Amino acid sequence: MELTKRKQNILASIVDGYIRTGEPVGSKSIAEKAGVSSATVRNEMAELTELGLLEQPHTSAGRVPSQEGYREFVDALMQPETLTEAEKLTIDAMLAKSAFDPERLLRGAAKTLAASTRYLALSTTPSGADAKIKAVQFVQTSRRTAMLIMMSSAGTMKNKVFHCDFDLSNEIMRIFFRVLNERVTGRDVAEINRAFVQNLAISLGDMAILMSPALAALLEVALETMQTEISVSGQMNLLFYPEYKFGGARRVMDILERRELLTELLAGKQNRTQIKIGTETGQNALAESSVICSRYSVNGRDAGAVAVIGPMRMQYAHVA
């Protein structure tokens with residue numbers, strides 16, 4: 001729809017005012033900023049209401065944006081905010097400790113987003129369903145225990161500590177490393193199932209008894225690598241918004257427990273930020289919410305997402 005410059009300015013002012021205060025915006029406050037009469041602003045507001053971009057609560061003479069009004073604002077009127085140097089330094093400091101651990105980094109990203117936006121934030125780790133095994137490492141942790149570490153092409157690194165009924169030596173650790181890297185490196189993670197491990201054990205002959213604890217650990221980390229983990233932070237933030245009273249926050253949390261709904265909600269093109277407003281989310285529980293989601297890639301392949309969920313009167317320019 002084509003809006004005049006004045007209508008655009010008035011709509012943007014109402015969206016901005018309502019986001020900041022949560023209160024309907026009246027014509028007088030806008031008229032003072034725009035340098036026109038209140039009557040002119042009221043006429044423009046009435047036309048914007050007819051266009052479906054504004055709504056008028058029954059108890060107020062002011063206006064609030066409709067879902068369509070927010071969409072027009074996001075698509076055509078919003079000026080994205082750039083982070084200040086101080087904000088960049090704060091974010092870097094919050095993420096620095098986990099910079100070399102991809103999964104910890106994603107958990108840290110959710111916490112950082114929740115803290116900086118004051119909304120609910122979440123992140124998903126890459127699924128290893130289509131990943132390949134890059135390497136298998138071993139670290140001896142005690143006389144009879146060791147840790148198996150599997151690195152995948154999806155950027156994940158899973159580990160499992162296993163116990164042996166015999167003392168571990170450097171020679172045994174080298175055998176573990178050589179056998180598993182020869183047999184599984186380069187394979188799809190999805191291949192490492194129970195049948196594969198059983199067949200591998202049979203092929204090892206007498207060495208299977210020695211290798212059995214490591215093989216069990218291999219199967220467990222492969223299954224974990226296949227799964228997508230979800231980190232959620234800032235649940236309590238939602239309780240500070242009146243939109244989530246009367247069970248609204250609980251309904252949002254219910255969606256986060258349903259993996260199939262969450263997968264659909266976070267779907268989109270890789271390396272793109274997508275804003276879903278109200279019913280655009282496809283979830284009745286989010287009819288009064290907005291979701292800003294950005295998908296990331298690993299080695300050029302779509303891997304996961306980071307997202308923010310908050311009320312429809314979200315600070316889009318700051319978050320996006």
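**Pocket, helices and cores**

Modeller: The largest pocket has a volume of about 430 Å³. This is a predicted model, in which local features need pLDDT of at least 70, side-chain atom pairs count only at pLDDT 80 or more, and totals for chains, interfaces and linings use all residues. Residues are numbered from 1 along each chain as its sequence is written, and side-chain values use heavy atoms, with hydrogens and water left out.

Biologist: What counts as a pocket here?

Modeller: On a 1 Å grid over the protein atoms alone, a pocket is an open set of points where a 1.4 Å probe fits, with protein on both sides within 12 Å along at least five of seven lines. A cavity is a set where the probe fits but cannot get out. Lining residues have an atom within 4 Å of a point. Grid points are joined across faces, edges and corners, and the volume is the space filled by probe spheres set on the points.

Biologist: Which residues lie nearest the centre of the largest pocket?

Modeller: Ser127, Thr228, Arg295, Ala303 and Gly304, out of a lining of 23 residues.

Biologist: Which elements supply at least two residues of that lining?

Modeller: Helix H11 (259–265), strand S9 (289–298) and strand S10 (301–311) each do. S10 gives the largest share, 4 residues. Helices (H or I, at least four residues) and strands (E, at least two) are DSSP runs, numbered from the N terminus.

Biologist: How does the lining split by class?

Modeller: There are 10 nonpolar, 8 polar and 5 charged residues. Ala, Val, Leu, Ile, Met, Phe, Trp, Tyr, Cys and Pro count as nonpolar, Asp, Glu, Lys and Arg as charged, and the others, Gly among them, as polar.

Biologist: New topic: H1. How many residues does H1 have, and how far does it reach?

Modeller: H1 has 17 residues and reaches 24 Å from first C-alpha to last, close to the 24 Å expected at 1.5 Å a residue. The expected span is 1.5 Å times one less than the number of residues. Glycine 22 follows H1, with a positive phi near 75°.

Biologist: Which H1 residues are buried?

Modeller: Lys7, Ile10, Leu11, Ile14, Val15, Gly17, Tyr18 and Ile19. Buried means under 20% relative accessible area, exposed over 50%, partly exposed in between (1.4 Å probe, protein chains only). Serine 13 also lies in H1, but counts as partly exposed because its relative accessibility is 26%.

Biologist: What covers the buried H1 residues?

Modeller: The cover includes helix H2 (27–34), helix H3 (38–50) and helix H12 (316–319).

Biologist: And H7, which of its residues are buried?

Modeller: Ile172, Met173, Ile175, Phe176, Val179, Leu180, Asn181 and Val184. They pack against strands S4 (133–140), S5 (145–152) and S6 (157–163), and helices H8 (194–204) and H9 (207–226). H7 itself, residues 170–184, has 15 residues and reaches 21 Å. Glycine 186 comes after H7, its phi positive and near 90°.

Biologist: Now the largest nonpolar core. Which members touch the most others?

Modeller: Leu11, Tyr70, Leu122, Ile309 and Tyr316, of 52 residues. H1 supplies the largest share of this core, 6 residues. Apart from it lies another core of 33 residues, among them Ile133, Phe138, Ala146 and Phe196. A nonpolar core is a set of buried Ala, Val, Leu, Ile, Met, Phe, Trp, Tyr and Cys residues joined through side-chain atoms within 4.5 Å.

Biologist: What does tyrosine 316 touch?

Modeller: Leaving out residues up to four places away in sequence, its contacts (heavy atoms within 4.5 Å) include Ile19, Tyr70, Met78 and Ile292.

Biologist: Where is methionine 78, then?

Modeller: Methionine 78 is in the loop between H4 and helix H5 (85–95). It is buried, because its relative accessible area is 12%. Its C-alpha is 7.8 Å from that of alanine 12, 66 residues apart along the chain.
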